[in-house]
Amino acid sequence: MLYLDNAATTPVRREVLEAMWPYLTGEFGNPSSVHTVGERAATALADARSRVASVLGVRAGDVIFTSGGTEADNLAVKGIALGSPRGRHLVTTAMEHEAVLESVDYLRRLHGFEVSEVPLSPDGTVTADALASVLRNDTTLVSVMYANNEVGTIEDIPALSALTRERGIPFHTDAVQAAGWLDLSVSSLGVDALTLSGHKIGAPKGIGAAVVRGRVPLEPLIHGGGQERTRRSGTENVAFAVGLATALEIAESERADATARVAALRTDFITRVCELIPGAILTGHPSRRLPGHASFCFPGTSGEAVLLELERRGVISSSGSACAAGSDEPSHVLTALGIAPDIAQTAVRFTFSTTITAAELESVANALAASVSTLTDIGS
């Protein structure tokens, strides 16, 4: 079985499990306790925070551990918008993850914010001119994802954040899919907030981080004992924080070599699929896309039917965001790019691990061609 749905989740790495194990067993202390057992837990938590901060190039105090990417996005968007708003205007795009879109909609419905969406290019690119066209004097936050989970397009975040920095507008980027593939240096990106999820890079589900610059006012979503410097109350998950730090360090150490190798394989795979299936439509930017990401629409089929045929042939992939699994609606990302709803429902996404091989991708391309052929023959 070939697993090509790494954008949805990745297996937990053995090194991560081994790093976590002491804090799931003997070192079980509460990091807020003042006795020696608690102090050892607090030391481990502080070390994990410093290690995450080192990879991202920020101060340890800027790192807030969360339950995952969704909570991190909610905290960054709602927390900054409500922390010390310049006004009641938010800017985002129609292709963001639901965690951002629903947070923005919450602010619109319950707090009276106005929302502007940046016009998108057909390949999912946000240009600086497009962003500039929707900024206002009362814009209080801009949120644009670093790399899209469904079509893989990578945004030029430094160019976009430069515009907001000139105007004193906080900028948040959802970097959940970028981790392990792209540079996460917060200073290089020029952002005020960046969010991550552990289970996309070999840590367990249930841990993430919101990185928010200390100078940015942040209203907490969860109130209580004042943990995480009062920005996210609740007893910290020490073992999972250690796991996130370990996974992030490993991903960063492997990134340069993995990115170059997998990007070349991805390009060859896209070419091969388009050769074998002439009607295939590549979604997202043809080259400015995540190294381990290839996504297509196959008119005349059903995306879900293609997935079933692929699984029958030993290939696991997806039709888009795992967070929208079970929905009968076409992908909001694809329709935002101008793809007709009936075509959007034929989408299939392949997201690779860093260990994928050329031989494996050749077998996937052949299995995909056979699956599409079977379905189009049935439908003809």
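# Close-up views of a predicted model

**View 1. Helix H1 packs against helix H8.** Helix H1 (residues 14-24) and helix H8 (residues 238-276) have axes 8 Å apart and pack at an angle of about 160 degrees. H1 is therefore roughly antiparallel to H8. Angles over 145 degrees count as roughly antiparallel, under 35 as roughly parallel, 65 to 115 as roughly perpendicular, and the rest as oblique. Axes here are lines fitted to C-alpha atoms, for helices over the stretch in contact, with angles running from 0 to 180 degrees between N-to-C directions. Helices (H or I, at least four residues) and strands (E, at least two) are DSSP runs, numbered from the N terminus.

This is a predicted model: local features need pLDDT of at least 70, side-chain atom pairs count only at pLDDT 80 or more, and totals for chains, interfaces and linings use all residues. Residues are numbered from 1 along each chain as its sequence is written, and side-chain values use heavy atoms, with hydrogens and water left out.

H1 passes H8 in a right-handed crossing. A crossing is right-handed if the near helix is turned clockwise from the far one by less than a right angle, and left-handed if anticlockwise. From H1, Glu-15, Val-16, Ala-19, Met-20, Tyr-23 and Leu-24 take part. Their partners in H8 are Val-238, Ala-239, Phe-240, Val-242, Gly-243, Thr-246, Ala-247 and Ile-250. Contact means heavy atoms within 4.5 Å. By class, eleven residues of this contact are nonpolar, two polar and one charged. Ala, Val, Leu, Ile, Met, Phe, Trp, Tyr, Cys and Pro count as nonpolar, Asp, Glu, Lys and Arg as charged, and the others, Gly among them, as polar.

**View 2. Helix H2 also packs on H8.** Helix H2 (residues 36-56) meets H8 at an angle of about 30 degrees, with the axes 9 Å apart. The two helices are therefore roughly parallel to each other. Their crossing is left-handed. H2 contributes Ala-41, Ala-44, Leu-45, Ala-48, Arg-51, Val-52 and Val-55. H8 answers with Val-238, Ala-241, Val-242, Ala-245, Thr-246, Leu-248, Glu-249 and Glu-252. The contact of H2 with H8 has eleven nonpolar, one polar and three charged residues.

**View 3. Leu-244 is a buried residue of H8.** Leu-244 has a relative accessible area of 1%, so Leu-244 counts as buried. Buried means under 20% relative accessible area, exposed over 50%, and partly exposed in between (1.4 Å probe, protein chains only). Leaving aside neighbours within four places in sequence, Leu-244 contacts Phe-65, Gly-198, Ile-201, Ala-203, Ile-207, Gly-208 and Ala-209. Lys-205 lies 39 residues from Leu-244 along the chain, and their C-alpha atoms are separated by 9.9 Å.

**View 4. Helices H3 and H4 cross.** The axes of H3 (residues 69-83) and H4 (residues 98-111) come within 8 Å and cross at roughly 35 degrees. The crossing is right-handed. On the H3 side are Thr-70, Asp-73, Asn-74, Val-77, Lys-78, Ala-81 and Leu-82. On the H4 side are Ala-99, Val-100, Ser-103, Val-104, Tyr-106, Leu-107 and His-111. The residues of this contact divide into eight nonpolar, four polar and two charged.

**View 5. Helix H9 has buried residues along one face.** In H9 (residues 303-312), Gly-303, Val-306, Leu-307, Glu-309 and Leu-310 are buried. Seen down the axis, these residues fall within an arc of 165 degrees, so they line one face of the helix. The arc is that of the directions from the helix axis to the C-beta atoms. Leu-308 and Arg-312, on the other side, are exposed. Glu-309 has 14% relative accessibility. Beyond its neighbours within four places in sequence, Glu-309 is in contact with Ser-371, Thr-374 and Leu-375. Just after H9, Gly-314 takes a positive phi of about 90 degrees.

**View 6. Ile-316 sits in strand S11.** The strand covers residues 315-316. Ile-316 is buried, with a relative accessible area of 18%. Not counting residues up to four places away in sequence, Ile-316 touches Met-1, Leu-2, Tyr-3, Leu-4, Asp-5 and Glu-311.

View 7. Most residues other than glycine have a negative phi. Glu-228 is buried at 6% relative accessible area, whereas Thr-230 is exposed at 51%.
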